[in-house]
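Colleague: I'm new to this one, so could you walk me through it?
Modeller: Gladly, here it is, and we can start with a term.
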Amino acid sequence: MEPIMNQIWQRVFQRIHRTAVLPRRSHSGCAEPTAVPASTSSRHIRPTLLVSRLYQPASLRDMQQDTLLKGEMTCKSQRLMQKAGLIHPSNPGCYYYLPATVRSMEKLMRVIDQEMQGIGGQKLDMPSLCSAELWKNSERWDLMGKELLRLKDRHGGDYCLAPTHEEAVTTLVAHQTTLSHRLLPLLLYQITRKFRDEPKPRFGLLRGREFYMKDMYSFDVSEEAAYQTYESVCQAYTRLFARLGLRCVQVQADTGNIGGKLSHEFQLPADIGEDRLFVCGNCSFSANIETMSSNRTDCPQCNTGTLVETRGIEVGHTFYLGKKYSQIFNATFSNSQNKSEVAEMGCYGLGVTRILAAAIEVMSTEEEIRWPGLLAPYQVCVLPPKKGSKVDKAAVLAEELVHTLGETLPGLRGEVVLDDRTQMTIGKRLKDASKLGYPYVIVAGQGALEETPRFEVICQQTGETMFLCKDGLLDLLGRVETV
């Protein structure tokens, strides 16, 4: 019986091997071709990203949310992101981040990683669930008030969902009893979800109860060294915002419930901003109005300039903590004389989701999203002609162009999408592409059928339109920076 069954299974496997496999469903939005015997030249062709397969449901709204749209959505970034299917509300202050938004966030995190690791930062991940004991030791359990999300476990133990991790990271370092001065400065950071029980969450990702943040903590041998580290982080923040093409102002700020001796906020000027700022038009001085008398109009730095009030969105915050936490939790190191000393500390935050929303807020028009070039979910969208039109043959050239861009320009691999909704006019798809803010939109129309094919290229950041041959297109897009 067994030899007969072996013969039957051999025939079954041979038949399966000869039969084409059904197409697999792609989780990336890619159209995966049917698995048929392929030549060696076609085996390495990457699948095409198709707009029709991308999960970006602009219609994800119920009746209750439609009411919110009319009543409470007074923020441009929230309105644009929800209408475009980038985010969807879950409960007050909490959102689903849909695939295009996740792509942008991952890009922003890579830029943050580059800048933080460029100054010696080391990435780790700490628990979001923190013991009440740590927070009681620092006296912030009561100081934080109702903004701290608290809970009890089944044994009656008190915990919180951390909005920040000064207590946790200092305890971690304190447990290393043999920390040498040679390892300092020590810069530890993470990019994780944070929680804050906002009394009135609003403005979409600008003020939520659950959000992503980069928080870094520094440990130094002396006050002088700690100030040097503080300045190094501030310079890294300035470089980061410059890379994103965002005008950011560093302002003196209050230390608040985190505490410490020195603090600065990084603010994106915007009318929707909740912070009031004083900026001097004569020198570099700027400050949160909380740190000064609201009646003051003369600049305390240059003594000649006039302070002008403006508004901003806080996207970053830095604190020089001194020994506030290291003394409490006994975070020490051995100095050059092999004696134990308490470390000097700093902490530095960047609101990841807030940067994303704030960038859309300050860069976009009322109807069209504009991204910092590095953070656009996809860099290029290619539009073939409408099916059945006079230039229908250009559709093949559009598909070939997508593959050429991905294969010829390594930086654009996975960054080029084909709008395959050819039942729609080019005009309609152009309108959609403009709303979603692809930095470059390429139209394969009549010019693509000429003896030397030319493509219409629309640069959405500048509004410029060009007609380029393939070589010119490769030259233009070859200069696009990606992360």
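Modeller: A salt bridge here is a side-chain nitrogen of Lys or Arg within 4 Å of a carboxyl oxygen of Asp or Glu. The model is predicted, so local features need pLDDT of at least 70 and side-chain atom pairs count only at pLDDT 80 or more, while totals for chains, interfaces and linings use all residues. Residues are numbered from 1 along each chain as its sequence is written, and side-chain values use heavy atoms, with hydrogens and water left out.

Colleague: How many salt bridges does a search of the whole structure find?
Modeller: The search finds 27, and one of them joins the side chains of Glu 450 and Arg 454, at 3.3 Å from N to O.

Colleague: Which residues do shared partners join into one network?
Modeller: Salt bridges that share partners link Glu 147, Arg 196, Glu 198, Arg 202, Arg 207 and Glu 274. Within that network, Glu 198 meets Arg 196 at 3.9 Å, N to O; Glu 198 counts as buried at 7% relative accessibility, whereas Arg 196 counts as partly exposed at 22%.

Colleague: Switching topic, what about Asp 158 and its partner?
Modeller: Asp 158 forms a salt bridge with Lys 152, with the closest N and O atoms 2.8 Å apart. Lys 152 is exposed, at 58% relative accessible area, while Asp 158 is partly exposed, at 27%.

Technical notes
Buried < 20%, exposed > 50% of the residue type's maximum accessible area, 1.4 Å probe, protein only.
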